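Visitor: I would like to learn how to read a protein structure. Please take me through a few features, one at a time.

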Amino acid sequence: IIYGRKRGDAAAAFANAQRVFALSPGDPENRVELRHLAEMVQDFESLILLYDAALENAEPALQRALAWEIAEIYDQNLRSAKDARTYFQKVLALEPLHEGAFEALRRILQDAGEWATLRQLLRARVELLGDASARRDLWFQICALDEDLLSDVPAAIAAYCAVLDLEPGNARAFMALERLY
């Protein structure tokens with residue numbers, strides 16, 4: 001890799017880094033270098049193909065890391081929300097509580113106005129969280145989606161009831177239910 005860099009030949013360095021990746025896909029330093037070189041030569045597509053091919057046979061931690069890196073490239077460099085979404089979903093399938101993938105997917109769905117799909121994402125997440133206050137906060141987000149954006153009053157009522165299951169004396173949930181009934 002350094003050989004190509006010292007000669008000022010980013011394309012050669014990129015090709016060398018790809019060969020190193022083929023031998024050791026788990027090397028995070030090489031992946032950082034690959035990303036930098038892909039940016040220099042403006043060839044993110046080759047990097048995605050390389051990572052995607054390695055995904056299939058990798059162990060789960062490496063699958064998650066590669067899916068995350070592909071998602072970031074699609075999201076940040078190629079501005080392809082659709083493709084980024086696919087890989088952020090793969091990250092969540094491998095690590096359901098991955099905060100970065102969850103937040104990125106939430107942002108993509110919000111930007112696209114896909115409120116029903118966002119509700120599904122939030123509902124799946126709320127079931128995984130152990131912290132009661134985090135679950136309550138997520139339920140309130142679901143309530144707002146149901147009530148304000150989806151105009152689904154029965155679903156909003158059910159979500160407010162879920163808040164009360166967590167916190168039986170929650171005044172905000174009681175007032176919302178009173179308003180909705």
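Visitor: Is Arg31 buried or exposed?

Guide: Arg31 is buried, with a relative accessible area of 7%. Buried means under 20% relative accessible area, exposed means over 50%, and partly exposed lies in between, using a 1.4 Å probe and protein chains only. Before going on, note that this is a predicted model, in which local features need pLDDT of at least 70, side-chain atom pairs count only at pLDDT 80 or more, and totals for chains, interfaces and linings use all residues. Residues are numbered from 1 along each chain as its sequence is written, and side-chain values use heavy atoms, leaving out hydrogens and water.

Visitor: With which residue does Arg31 form a salt bridge?

Guide: Side chains of opposite charge can pair when their charged atoms come close. The rule used here asks for a side-chain nitrogen of Lys or Arg within 4 Å of a carboxyl oxygen of Asp or Glu. Arg31 forms its salt bridge with Glu69, and the closest N and O atoms are 2.8 Å apart. Arg31 lies in helix H3 (residues 28–41) and Glu69 in helix H5, so the pair ties together parts that are 38 residues apart in sequence. Helices here are DSSP runs of H or I with at least four residues, numbered from the N terminus. Glu69 also counts as buried, at 15% relative accessibility.

Visitor: How many salt bridges does a search of the whole structure find?

Guide: The search finds twelve salt bridges. One of them joins Glu114 to Arg85, with the closest N and O atoms 2.9 Å apart. Glu114 lies in the loop between H7 and H8 and Arg85 in helix H6, so this pair ties together parts 29 residues apart in sequence. Glu114 is partly exposed at 28% relative accessibility, whereas Arg85 is buried at 18%.

Visitor: How is a pair of aromatic rings read, and how many aromatic pairs are there?

Guide: A pair of aromatic rings is described by the distance of the centres and the angle of the planes. Rings of Phe, Tyr and Trp (its six-membered ring) pair if their centres lie within 6.5 Å; planes under 30 degrees apart count as stacked, over 60 as edge-to-face and the rest as tilted. By this rule there are four aromatic pairs. In one of them, Tyr74 and Tyr87 are stacked, at 5.9 Å centre to centre with 25° between the planes. This pair links distant parts of the chain, since Tyr74 is in helix H5 (residues 60–77) and Tyr87 in helix H6 (residues 81–94), 13 residues apart. Both tyrosines are buried.

Visitor: Which residues have the most contacts inside the largest nonpolar core?

Guide: In soluble globular proteins, nonpolar side chains tend to be buried together. A nonpolar core is a set of buried Ala, Val, Leu, Ile, Met, Phe, Trp, Tyr and Cys residues joined through side-chain atoms within 4.5 Å. The largest one has 53 residues, and Phe88 and Tyr160 have the most contacts inside it. Leaving aside residues up to four places away in sequence, Phe88 touches residues including Trp68, Ala101, Leu105 and Ile108 (contact means heavy atoms within 4.5 Å).

Visitor: Which residues of H7 are buried?

Guide: They are Ala101, Phe102, Ala104, Leu105, Arg106, Ile108 and Leu109. What covers them includes H5, H6, helix H8 (115–128) and helix H9 (132–149). Just after H7, Gly113 takes a positive phi of about 70°.

Terms used:
Helix = DSSP H or I, 4+ residues; strand = E, 2+ residues; numbered from the N terminus.
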